[in-house]
Amino acid sequence: MKPAPFGYAKAKSVDDAVALLARYADARLIAGGQSLVATLNMRLSAPRLLVDINALDELRRIEHDGDTLVLGALVRHAEAEHSADVARHAPLIARALPHIAHPAIRNRGTIGGSIAYADPAAELPACLLAMGGRVEIAGPAGRRTVKAGDFFKGLFETALGPSEVLTAIRVPVARPESRCGFAELARRHGDYALVGLAAAARAEGAALRDVRLAFFGVGATPVRAQAAEAALERGEDAVAALAHDLDPADDVQASAAAKKQLAGVLLRRVAAQLAEARA
Amino acid sequence: MTDRFHDIALTVNGEPVRERVDARRTLVDFLREDLDLTGSHVGCEHGVCGACTVRLDGAIVRGCLTLAVQCDGATVETIEGVADSGAIADLREAFERRNALQCGFCTPGMLLTAQALLARGGVPSRDEIRAHLSGNYCRCTGYHAIVDAVEAVAQARAGQVK
């Protein structure tokens, strides 16, 4: 199908984008467009105006100080995938990126778009939650920062207001004692996951501390598995504990029972990754 | 400016193009309907099948998930331009020799996607080839022959002729 008609405006700055969103009812931001244009083509969405932020170089930064890696909202998946800074400072994101869709889509899709769209089966929202990252937001009332745990509110629902723009994500820089793990199961490479798991932890001798497990594809948002986290820290059976954490629903891809079973399989794989010393 | 129609200027297969486009025109429809470049195919129109693959500023993208209006100032290459350049003559020949196409609908997208992998150099494993081509559907071949063709070209270009 073809999209319904819409107007189009190129934002000249982040403030300009915010002003356009505030001024025109039913306006939508377009960044990579890899989810949005599909919904336009299928007429699942029909905004009156698209506000294009692709020309905003200020949203393209990959920067780090001692503690934090900042990825601008317009950093393409492929750029992050091939970034030495991401590989070194945010290895969890580097591991997750090759699982996102396909090369032609990663060339266009953006980090900010994946977070703002908040598909419950997407990789990056879960990575952000596992890393304890933050989201930078610009809006009519100025700039603010929201913790990942407070950002994902419900199915495709985030803390972003209607006239707000996600400008960057901030994640803690990996330390020598940092550990991460990532695994997902999909019917075909690049498909949305049946179930996936992003994990971060800190090694203390042979033990793991500050374990954060973020499952995706098992609920309306990425889901922390806190009973399994505590079990891993105590060196106990985390897969058994997982029964307290996850309550997936049946969907078109898999039954709830299958998802629970697969979540346990992924947890074993990721627990093994967390136990490995960092290369 | 929040208009529906916009003037764009871009380079398509090395030639300058100026057109007035409706904002809702996708890049692949623009190429096919306005420029008569019908080598890029329209399959699923929601980014799944890869038949509309073209190059935008040197990188492969989905022609159905990119709007023409977003390509103002850009460089676009289609299968027509890339084939005419001779850069994939060996790949086309390998597809033919190995029966890597039957109906041919997916072939332009498949060739551009494979070339993006081959351009990195080296000889990718068969798993890497399959992962790289995972976003391009072929309903005829079962993929095996396509992987054969891409692998053969990678080996030939690396000087490891089988």
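**Starting from one strand pair**

A: Let's start with B:Val54, which stands opposite B:Val61 in E4(B). Before going on, note that this is a predicted model, where local features need pLDDT of at least 70, side-chain atom pairs count only at pLDDT 80 or more, and totals for chains, interfaces and linings use all residues. Residues are numbered from 1 along each chain as its sequence is written, while chains are lettered from A and ligands numbered from 1 in the order in which they are written.

B:Val54 sits in strand E3 (residues 53–56) of chain B, and both faces of that strand are covered. B:Thr53 and B:Arg55 are buried on one side, B:Val54 and B:Leu56 on the other. (Buried takes 20 or more other C-beta atoms within 10 Å of a residue's own, exposed 12 or fewer, partly exposed anything in between, with C-beta atoms placed from the backbone.) Helices (H or I, at least four residues) and strands (E, at least two) are DSSP runs, numbered from the N terminus.

E3(B) has two partners to look at. With E4(B) it runs antiparallel, joined by four bridges; strands pair if DSSP finds at least two bridges between them. The hairpin of these two strands has two residues between them, and B:Asp57 there takes a positive phi near 50°. The other partner is strand E5 (residues 75–77) of chain B, antiparallel again, over two bridges. In that pairing B:Arg55 has B:Glu77 as its bridge partner.

Chain B puts 28 residues in contact with 29 residues of chain A, contact being C-beta atoms, placed from the backbone, within 7 Å. Strand E4 (59–62), helix H4 (107–118) and helix H5 (126–132) of chain B are the elements giving two or more residues to that side. E4(B) gives the most, with four residues. By residue type, this side of chain B splits into eleven nonpolar, twelve polar and five charged. (Ala, Val, Leu, Ile, Met, Phe, Trp, Tyr, Cys and Pro count as nonpolar, Asp, Glu, Lys and Arg as charged, and the others, Gly among them, as polar.)

What about the rest of chain B? Six helices and five strands make it up, in the order β-β-α-β-β-β-α-α-α-α-α from the N terminus on. The radius of gyration of chain B is 16 Å, close to the 15 Å that the globule rule gives for 162 residues, so it is as compact as a globular protein of that length. That radius is taken over C-alpha atoms, and the rule is 2.2 Å times the number of residues to the power 0.38. Along the principal axes, the C-alpha atoms of chain B fill a box of roughly 55 × 30 × 25 Å. Buried residues are 45% of the 162 in chain B. Of the contacts in chain B between residues at least 6 apart in sequence, 58% join residues at least 24 apart.

How values were computed:
Contact = placed C-beta atoms within 7 Å.
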